[in-house]
Amino acid sequence: MGWEKYVNKFLAVFAVAALSASTASAAEVVAPVAGSAYDWSGFYAGGHIGVANGDITATDMTEPNGGFFTELVPAGTEGFDFNKAGVAGGIHAGAQWQWGQFVLGGEATWTATGIRKTITSPYYSDSDTETAKISNYATVVGRVGYAFDRVLIYAKAGYAGGKVDFRARDNDALVSYEKNEWQNGYALGAGIDYALTNNLSLGVDYTHIDLGHKTSTGDNVYDDGHLGDNPETYRTEAKVDAVMARLTYKFGMGQ
């Protein structure tokens, strides 16, 4: 199941919500209600849960002495590809200020994911397996939005970092290579929030996270604890596309 499916669902919800908000805003111009518009300003915190799809590539950079590759392919081109969707959820917090209908702010998030996949090696299918995982990621982004009273549509961009794990295993030789590294990159996204009350809002958020790449060298470790003669070097690249439902509490006093 590709991440495009989740993006399309989000865009459909986003378009319907935006159209509804525009219609409601236009109606208020014709027949305004008493009292001031809702104010999105304030500090806020909340939780989110949804689906995250991870795309991970681990490329073997060790030639000619690597243990999990075949010399029939050129150095730096052999690798393992993983694509896996899983449940994800976490917390978010931030602050924002409203001027007219424009809303500017910043937000930090932390998300744990169920992105984990094990494959059989395309090179040594009788003995080797490889496993990749994105255990969690964090973002720190700036947000710019446009408010239609209690509906807020926003875009965001900023830093993203995540824990990327890769493990290669020879089940005949009982030896493994494993790396667990924090990788840094960027986040881009958009979303929509609706204020249920003066303090509580419900939203839908889409985020594309590129965790860049990292090259790591580590020992082959046998089950009895001794080290192999030839360390392995792998370059890992990772991306995540996530669609989250969000529940947020705003501490500001805006209406």
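Reply:

**The second largest cavity**

The second largest cavity holds about 90 Å³ of space. This is a predicted model, and a search of the whole structure finds three cavities of 30 Å³ or more.

The lining of the second largest cavity is made up of Tyr38, Trp40, Tyr44, Gln96, Arg143, Asp193, Asn199, Leu200, Ser201, Arg246, Thr248 and Lys250. Two elements, strand 7 and strand 9, each give two or more residues to this lining. The largest share, three residues, comes from strand 9. By class, the lining has four nonpolar, four polar and four charged residues.

One of the lining residues is Asp193, which is found in strand 6 (residues 175-195). Asp193 is buried but has no salt bridge. The nearest side chain of opposite charge belongs to Arg143, 4.0 Å away; Arg143 also lines the second largest cavity. Apart from neighbours within four places in sequence, Asp193 is in contact with Trp40, Arg143, Arg150, Val151, Leu152, Tyr154, Leu202, Gly203 and Arg246. Among them, Trp40, Arg143 and Arg246 are also part of the cavity lining.

For reference, the largest cavity contains about 120 Å³ of space. Its lining has 13 residues, and Thr109, Tyr137, Lys156, Asp205 and Thr207 lie nearest its centre. Strand 3 (102-120), strand 4 (128-148), strand 7 (200-218) and strand 9 (232-250) each give two or more residues to the lining of the largest cavity. By class, that lining has five nonpolar, five polar and three charged residues.

How values were computed. Residues numbered from 1 in each chain as written. Predicted model: local features only at pLDDT ≥ 70, side-chain atom pairs only at ≥ 80, totals over all residues. Heavy atoms only, no water. Helix = DSSP H or I, 4+ residues; strand = E, 2+ residues; numbered from the N terminus. Buried < 20%, exposed > 50% of the residue type's maximum accessible area, 1.4 Å probe, protein only. Lys, Arg positive; Asp, Glu negative; His and termini not counted. Contact = heavy atoms within 4.5 Å. 1 Å grid on protein atoms, 1.4 Å probe; cavity = no way out; pocket = protein on both sides within 12 Å on 5 of 7 lines; lining within 4 Å. Points joined across faces, edges and corners; volume = space filled by probe spheres on them. Nonpolar A, V, L, I, M, F, W, Y, C, P; charged D, E, K, R; others polar.
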